[in-house]
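I opened the model to look up its strands, its helix packing and a few loop residues. My entries follow in the order I made them.

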Amino acid sequence: MARRVAIIHYWLVGMRGGERVLERLLKLFPEADLFTHVYVPEAMSQTIRSRTVHTSFIQRLPGAARHYQKYLPLMPMALEELDLRGYDLVISSESGPAKGVIAAPDALHICYVHSPMRYLWDHYHDYRSSAGPISRLAMPWMFHKLRMWDVASAARVDTHLANSNFIRQRIKRVWNRDAEVVHPPVEVGLFRPSANVEQRYLWVGQMTPYKRADIALEAFNRLGLPLLMVGEGPMSAGLRKRAKSNITIVDRLDFAGLRAAYAQARALVFTAEEDFGIVPVEAMASGRPVLAYGRGGVRDSIVPNESGLFFDAQTPEGVIEGIERMEAWLPEFDPRVAVQLASRFAPEHFDEGILRAVNV
């Protein structure tokens, strides 16, 4: 008998890495029903818009489409109100709250973990310090309860799958649960090396504080080397004001432009501590090396002295030291090796890991 499958994703308000993983899950399970807290159809891909999406009661609350995160304390209750009777396979996609659904007693519940909720755990003090005065006062009380629920709801899951070894370790520390690593799918076949490699370095990402675009900009301001920065966000205007003439900042590139930027870059500079990090893999698939801050998911993708290098201090000085080593190492770099290493993250490997977990 065919399985009835429910996929629960935390919220559907934009296309980022988690939503790309969701697209692949929907391809693997074309008959699955999709559940989420908040759904903004115009912000989603055609793949997701083509599916029937069931929302929790959070969708009906005032301003939920824009201010959904303010309703975080209500999301545990909202998840538990979703009726999953009749589904014998439940797949939760966790970064915001998703895994806390109540599955049928005989259902298999697989949780694909992009990260345990950062605002509850690793980044709590960062979020609290940037919150308004009322939120800052309420957060210790609310988040204490949310942490207890977060740990308790992890016990409802049969199998946890982590998107990197970094997240596998975080799952063990926060939830005290073991997890298998299944790396997210990266469409590496869409990228190609170029014979036309420029002298310009590349930075790609959101201009938000944890991505640390500021240290890349300051390092290249001092070095005077050419740098293209691609991204938008709250830090963008300030970075533009500080950038010297050797640095070009653009909000976005279309896909053809991004592919060319990857393939023609001298190297990608990656300054964030990411849960996995798709951008470095895309650069490697384009035949270019990566200089990355040596913490987080990049430890799974970058092989030192083969597809890139790590720098140790998340500071301008750390980036500068890394660039100096990159310049000395580049004559030894072989683009074919980077492409081969990137192929480990092709979508079919993700598919195999998911299907193995659900015993297909």
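I began with strands β11 (residues 268-270) and β12, which run parallel and are joined by three bridges. I took helices (H or I, at least four residues) and strands (E, at least two) as DSSP runs, numbered from the N terminus. I noted that L268 stands opposite V290 in β12. For the side chains of β12 (residues 290-293), I found V290 and A292 pointing one way and L291 and Y293 the other way, and all are buried. By buried I mean under 20% relative accessible area, by exposed over 50%, and by partly exposed in between (1.4 Å probe, protein chains only).

Some bookkeeping on the source. This is a predicted model, where local features need pLDDT of at least 70 and side-chain atom pairs count only at pLDDT 80 or more, while totals for chains, interfaces and linings use all residues. Residues are numbered from 1 along each chain as its sequence is written, and side-chain values use heavy atoms, with hydrogens and water left out.

**Sheet**

I traced an open sheet of seven strands in the order β3-β2-β1-β4-β5-β6-β7, with parallel pairing. Two strands pair if DSSP finds at least two bridges between them. Strands β3 (53-55) and β7 (179-181) stand at the edges with a single partner strand each, so one side of each has no neighbour in the sheet. I noted a twist that averages 25° from one strand to the next. Angles here run from 0 to 180 degrees between N-to-C directions, and axes are lines fitted to C-alpha atoms, for helices over the stretch in contact.

Within the sheet I checked β1 (residues 5-9) and β4 (residues 89-94), which run parallel and are joined by five bridges. V5 has L89 in β4 as its bridge partner. Helix α15 (residues 347-357) packs on the sheet and touches β5 (108-113), β6 (159-162) and β7. The direction of α15 makes about 150° with that of β5. Contact means heavy atoms within 4.5 Å.

**Helices**

Next I looked up how helix α11 (residues 278-285) packs with helix α14 (residues 335-342): the angle is about 135° and the axes are 7 Å apart. That makes α11 oblique to α14; angles under 35 degrees count as roughly parallel, over 145 as roughly antiparallel, 65 to 115 as roughly perpendicular and the rest as oblique. In this contact V281, M284 and A285 of α11 meet A338, V339, L341 and A342 of α14.

I then turned to helix α8 (residues 213-223), where eight of the eleven residues are buried. Among them are D214, F220 and N221. Just after α8, G224 takes a positive phi of about 80°.

**Loop residues**

Which phi does R212 have? I read a value near 60°, positive in a residue other than glycine. R212 sits in the loop between β8 (201-204) and α8, and is partly exposed, with a relative accessible area of 22%.

I also listed N176, with a positive phi near 55° in a residue other than glycine. N176 lies in the loop between α7 (165-175) and β7 and counts as exposed at 56% relative accessibility. For reference, most residues other than glycine have a negative phi.

Last, I looked at D106, in the loop between β4 and β5. D106 is exposed, with a relative accessible area of 69%. The C-alpha atoms of D106 and G86 are separated by 9.8 Å, and the two residues are 20 residues apart along the chain.
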